[in-house]
Amino acid sequence: MQFPSRRKRLINNAQEEMYGQPIQFYGQPPIENISLSEFETFAVERLKLLKTIENLGVSYVKQSEHYARKLESEFKNLHFPYREVDDRKVQTGPSEFEKRRKDHISHFILRLAYCQTEDLRRWFIQQEVDLFRFRFNELGSKQKLEFLHRNNLQYDTINVEEKKTLLDKLVSSSYAVSGITVEEQDFYKLTARSLPIVHSDERLQPLLNHLSHAYVGQDYSIQKNVGKISLEQIDSLSGKSFPLCMKQLHQSLRENHHLRHGGRMQYGLFLKGIGLSLEQALQFWRSEFIRGKVDADKFDKQYAYSIRHMFGKEGRRADYTPYSCMKVILSNMPSQGDYHGCPFRHSDPELLKQKLQVYKVSPSGINQILELVKGMHYQLACQKYFELTHNVEDANFSLNHPNQYFVESQRLLSGGVREPKREPETPHKTKAPSAAVEVPEVIEDLDSFFQDA
């Protein structure tokens, strides 16, 4: 007979205590061993959840019926806990314990990934605060008090008389949720509490760096579109179906007959993803560069290799993937003389406004875009640009990739039939034939990582 080790008993006891409720303050890091596969899966699924929270927070009034219904659908789809369950009912899928364990571990994984810059930290904390607020409001009054007292927060609800006395202040400090009055809401005498700091581990740094740039949509490196477009179409397509980042690169290339390395990589891989073949790419870049200060011989010696490298014909012969929105936004910041990057993230607001005016965006549309940019919702700003320039009220997809922008634009302009708008299993997600999660294969062993975190 085998008896559980003392360490295993301690872990089990700690988990039972920690996972007693569907939400927690994440005051204690996980202490168990997990596999690399589980590490990646948990991180990607929580990232999907936080992305949905960001999208819904811009599209709907927080805590409204529509907001709650769509977010609840995402919780169910990704198997995250969000309210107390009735043990008497038959449960399908992962157990409630497994959901709470995933919630706990995935929070700490993303905390490590998103603690590395101020922009990442701010984005992560905002989504986690909205996530906590939603789940806390899903608890009953008794469960809320139990949760607060369990976490050594000895706060009580404001009684009816106090609500009457503080009515004006409570109204001005609360979310305006349709159909719910101040009298029906619970209020607590709370003080701010910051998220605990967790330091990253050098063994996981490459993976954590990647997670903050992670893209979880369709894989545009698959070359099923090779030869689908011709060189003669590029100018026309750039005006109709290129996102602003690629339109900016194309225009700069045509005007200056040159792009620096960052621009060549971002634009070259995008063109590869929409269907430009290697032969066409070589012809495209050569013809443009020799119009500038680069002769044909210099091009063949200094630039042709990198183009063949993009297509996996040189070096380690990797099939390089077109850059996702997160990679464009967060990596290789442009400097003076560069034209790569995300115009919504890297352009001065006044310069961005001028660009949008050139592309015939209405003043009200420009204001909507600039408000999203001000809130650091850069992908949503680009999606709003798509809606305004394609004259659609709702794009009905969640924009995560420049090549996705192109595909959706072509589908609309070609009169392709879009699926009718409905309540999806995963809100604002576009079904794709294949999914790509860019995760570097650099971590061999994750045993005891969280013990040392």
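This is a predicted model: local features need pLDDT of at least 70, side-chain atom pairs count only at pLDDT 80 or more; totals for chains, interfaces and linings use all residues.
1. Residues are numbered from 1 along each chain as its sequence is written, and side-chain values use heavy atoms, with hydrogens and water left out.

2. The unreviewed UniProt entry puts a "binding site" at Cys 245, Cys 325, Cys 342 and Cys 382. UniProt positions follow the numbering used here, feature names are shortened, and annotations may be inferred rather than shown by experiment. The four span 138 residues in sequence, yet no two of their C-alpha atoms are more than 9.7 Å apart, so they gather at one spot. Cys 245, Cys 325, Cys 342 and Cys 382 also belong to the lining of the second largest cavity (on a 1 Å grid over the protein atoms alone, a set of points where a 1.4 Å probe fits but cannot get out; lining residues have an atom within 4 Å of a point).

3. Cys 245 sits in helix α11, residues 244-256 (helices are DSSP runs of H or I, at least four residues, numbered from the N terminus). Cys 245 is buried at 9% relative accessible area (buried is under 20%, exposed over 50%, partly exposed in between, with a 1.4 Å probe and protein chains only). Leaving out residues up to four places away in sequence, Cys 245 touches Gln 266, Gly 341, Pro 343 and Pro 402 (contact is heavy atoms within 4.5 Å).

4. Cys 325 is in helix α16, residues 325-330, and is buried too, at 10% relative accessibility. With residues up to four places away in sequence not counted, Cys 325 touches Gln 379, Asn 400, His 401 and Pro 402.

5. How do α11 and α12 cross? The axes of α11 and α12 (residues 261-274) come within 10 Å and cross at roughly 115° (axes are lines fitted to C-alpha atoms over the stretch in contact, with angles from 0 to 180 degrees between N-to-C directions). The two are therefore roughly perpendicular (65 to 115 degrees). Cys 245 is among the α11 residues making this contact, and Gln 266 among those of α12.

6. Two asparagines deserve a look in the loop between α20 (378-390) and α21 (402-413), one of them Asn 391. Most residues other than glycine have a negative phi. Asn 391, however, has phi near 55° and is exposed at 72% relative accessibility. Asn 396, in that loop as well, has a positive phi of about 60° and is partly exposed at 28%.

Conventions. On a 1 Å grid over the protein atoms alone, a cavity is a set of points where a 1.4 Å probe fits but cannot get out, and a pocket is an open set with protein on both sides within 12 Å along at least five of seven lines; lining residues have an atom within 4 Å of a point. Angles under 35 degrees count as roughly parallel, over 145 as roughly antiparallel, 65 to 115 as roughly perpendicular and the rest as oblique.
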